[in-house]
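Thank you for letting me take a few minutes of the meeting.

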Amino acid sequence: LKGEKMKKSIAISLLTCFVLGASDAFLQDGAKTEVMFKMMSIIDDKRNGFTPSNGSGYLVKLKYETADILTKNLKIGAGAYVNGDAGLTEWDEGAAPKYNKPAYGMVVDVEGESKALLGEMYISYKNEYLSVKMGRQELDTPLTKIFVSLMPNFYEAYMLKTDIFKDFKLTAGHIEKISFGSRAMADWGLIGEKTATAGVGLGGSGVLFEQAGGTLQQAKFYNIGVAAGKKSTDGRSLAGITYSGIKNMQVDFWLYHSYDIADDYYAELRYNIPIDENMKIKLSTQYLMQKDTGDNLAGDIDFNMLGIKAAFDAKKWGVYAAYNKSGDKEGTKGQYFNAWGADPAYTSTLFSRNAYRSDVDAYKVGTYYMLMKNLKLMVDYANYGKSKTSVANNMTLFATKDAYELDTILAYKPSKEWMLKIFNTRRLSEFDGYSF
């Protein structure tokens, strides 16, 4: 890590990218087959030696779920995923004077070679009162969801859900392993800036991805502790409750226990105010807290974050405003140890998740407009100010600028199967000027 100043090493970055996706599903005699293809490529960028300036990637998904076996609603599913460079990446132009850095966040292999993963392999059962899913899967919970580019994160987990009680939905589960997807390198570097706050917990741990010169592979399952750059642990247990007994309101509370690392508590309240059949106001608030536990392998942690959001949605347009405030504890104690792909914060953007850092006042405003049928324009602006978190957790290098990001997205979805998305990002890092 270099402490000297480097002119515009993380200056305002301009990135334009397109995403093309196609998917379909087939049902036959109760069995389900899914086929999906997705491709991304960077069109242009302001080359500054830090942000990706060129790159492409693809993902092919083939998933099959059986019809009922042995008994009603008992099924087995398997999903194979293949990710690699789409052939447009210039891998050897990242250094000066070209600064044409490749986008590692689109591939899971260190050289962009095609890599396959059996990301889903599970057995599931559901009836009128409960559902069970065991094995490799994606997890739809507040602290296991994150924006992905191509290959997603997968978890080896055992999940139980029930709505046996009126107006309540209960979830319980245990996660043993995680496989990091293609965007994990960006979560660690470009987005997280090696602080361990943006979905990958390797900052300062000495354990790195292969693409950063280490041994940890993407698209490979690791024990929860090992994936966080620590020793093997007993995994991560979780429990959640959702209440919807009041009209237009939903309340969620979740607890995650990561053995010998941290306990996470997440609560959210959402309330909708209908105006007419085409208009409504949506209000929500969130609270996230994290404390170290057991052998506190990630050090002392005492993090909290509050969020509020208000949105107005009409048939063809909408606007919203959001705010997040994090606690002000010093050092890494005051930041969120975000090691397993979480991003519930209202103010997160495509390439910024600063709300999980220490002492952040973040706000975000946005709008969308339907230009024509199936063509949607979205514009979002977020400002994060300066946090107390240091560059790559080096306690001598701190924020130099007020961080912000402006995202413009044009999405065209002519049918259920096809989608084309073009986005442009302008971003300024709070660590602008440091080389690390």
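Predicted model: local features only at pLDDT ≥ 70, side-chain atom pairs only at ≥ 80, totals over all residues.

**Charged pairs, a surface patch and a cavity**

Let me start with a single side chain, lysine 32, which is partly exposed, since its relative accessible area is 32%, and anything between 20% and 50% is given that name.

What does lysine 32 meet in a salt bridge? Its partner is glutamate 34, and the N to O distance between the two side chains is 4.0 Å. Glutamate 34 is also partly exposed, with a relative accessible area of 22%.

That pair is one of the salt bridges in the model, and the count comes to 22. Another of them joins aspartate 295 to lysine 231, where the closest N and O atoms are 4.0 Å apart. Aspartate 295 is partly exposed, with a relative accessible area of 46%.

The next pair is glutamate 430 and arginine 357, whose side chains meet in a salt bridge with an N to O distance of 2.7 Å. This pair, too, links distant parts of the chain, for glutamate 430 belongs to the segment after β19 and arginine 357 to the loop between β15 and β16, 73 residues apart. Are these two residues buried or exposed? Glutamate 430 counts as buried because its relative accessibility is 1%, and arginine 357 counts as buried because its relative accessibility is 0%; the cut-off for that word is under 20%.

Let me now turn to the surface, where a nonpolar patch is formed by Ile43, Trp317, Val319, Tyr369, Leu371, Met372, Leu410, Tyr412, Leu420 and Ile422, which together have about 870 Å² of accessible area. Two or more residues of the patch come from each of β15 (317-326), β16 (361-372), β18 (403-412) and β19 (418-428). Which of these strands gives the largest share? That is β16, with three residues. As one member to look at in detail, leucine 410 lies in strand β18 and is partly exposed, with a relative accessible area of 32%.

Finally, I come to the empty space inside. Rolling a probe the size of a water molecule over the atoms shows where such space is left. A search of the whole structure finds two cavities of 30 Å³ or more, and the second largest cavity holds about 40 Å³ of space. Its lining is made up of Ile146, Phe147, Val148, Met151, Pro152, Asn153, Gly181, Arg183, Ala184 and Asp187. Sorted by class, the lining of this second largest cavity has six nonpolar, two polar and two charged residues.

Note on methods:
Residues numbered from 1 in each chain as written. Heavy atoms only, no water. Patch = residues over 30% accessible without salt bridge, like charges linked within 9 Å, V, L, I, M, F, W, Y side chains within 5 Å. Areas by Shrake-Rupley, 256 points an atom, 1.4 Å probe, with all protein chains shown as cover. Helix = DSSP H or I, 4+ residues; strand = E, 2+ residues; numbered from the N terminus. Buried < 20%, exposed > 50% of the residue type's maximum accessible area, 1.4 Å probe, protein only. 1 Å grid on protein atoms, 1.4 Å probe; cavity = no way out; pocket = protein on both sides within 12 Å on 5 of 7 lines; lining within 4 Å. Points joined across faces, edges and corners; volume = space filled by probe spheres on them. Nonpolar A, V, L, I, M, F, W, Y, C, P; charged D, E, K, R; others polar.
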